Amino acid sequence: MKIVDCRGLTCPKPVILTKKEVESPDFNEIEVIVDNESSRENVKKYLSSANLLFTMEEKEGLYHFYARKQGDVKKVDDAVVCDISNISIETGLTYVIASDKFGNGDDSLGALLMKSFIYSLTEATQKPGTLIFLNAGVKLTSEGSDVLESLKKLEEFGVEILSCGTCLDFYNLKENLKVGSVTNMYTIVEKMNSTKTIKI
């Protein structure tokens, strides 16, 4: 039985991962593990909408779904089971973040403001399509960053997160990248030329 472990993930990610396995050609049965009530309800709604036979058990604070085919699997739109209709990803908008601090002045204040800024993006209904991290900004996408959880949440919403490869090399962080992917200056220029760009 295929196990889809969605601990630590929020909607729509658990539904997307479950749907990917259910709609694979060799699908027969599956176990899905989630750790929050919102994901529990959304996965439950998806399994029911997809015409699957399933049971759910709660064990040590985790929700385990056991599902199997009982006929043809119905195609279900992610948005039908996850209420993400109020979230807008502006694919034509790019934020370039070139520092791990927000603004000039005291470093401690700058770090605090940057953490607040990234968190606020997760709460905003309108989100940029792409976040590009340059220079010391790549420290935010690497191991030890205080904003990794927020950045992973943005990525789950569909925000593209790119970190400059040259910058990661300069700070010896290439092996410590924890969210998003590595990019190069050519791609960064293309993004900046083709979208509305805001420099942080």
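Predicted model: local features only at pLDDT ≥ 70, side-chain atom pairs only at ≥ 80, totals over all residues.
Let me start with the rings. The structure has four aromatic pairs. In one of them, the ring centres of Phe54 and Phe65 are 6.2 Å apart and the planes meet at 55°, so this pair is classed as tilted. Phe54 belongs to strand 3 (residues 52-59) and Phe65 to strand 4 (residues 62-69), so the contact ties together parts eleven residues apart in sequence. Phe54 is at 24% relative accessibility and counts as partly exposed, because buried requires under 20%. Elsewhere, ring pairs join Tyr95, Phe102 and Phe117 into a cluster.

There are also charges over rings. The charged end of Arg40 sits over the ring of Tyr63, 5.0 Å from the ring centre. Lys127 places its charged end over the ring of Phe157, at 4.8 Å from the centre.

Now the pocket. The largest one has a volume of about 240 Å³. Where does it lie? Domain 1 (2-68) and domain 2 (88-199) both contribute lining residues, so the pocket lies between them. The lining includes Leu9, Asn36, Tyr119 and Lys152. Helix 4 (107-123) and helix 5 (148-157) each supply at least two lining residues, and helix 5 gives the most, with five. By class, the lining is made up of two nonpolar, five polar and four charged residues. Among the charged ones are Glu149, Lys153 and Glu156.

Terms used:
Residues numbered from 1 in each chain as written. Heavy atoms only, no water. Phe/Tyr/Trp six-rings, centres within 6.5 Å; stacked < 30°, edge-to-face > 60°. Helix = DSSP H or I, 4+ residues; strand = E, 2+ residues; numbered from the N terminus. Buried < 20%, exposed > 50% of the residue type's maximum accessible area, 1.4 Å probe, protein only. Lys NZ or Arg CZ within 6 Å of the ring centre and 35° of its normal. 1 Å grid on protein atoms, 1.4 Å probe; cavity = no way out; pocket = protein on both sides within 12 Å on 5 of 7 lines; lining within 4 Å. Points joined across faces, edges and corners; volume = space filled by probe spheres on them. Domains from an automatic or database assignment.
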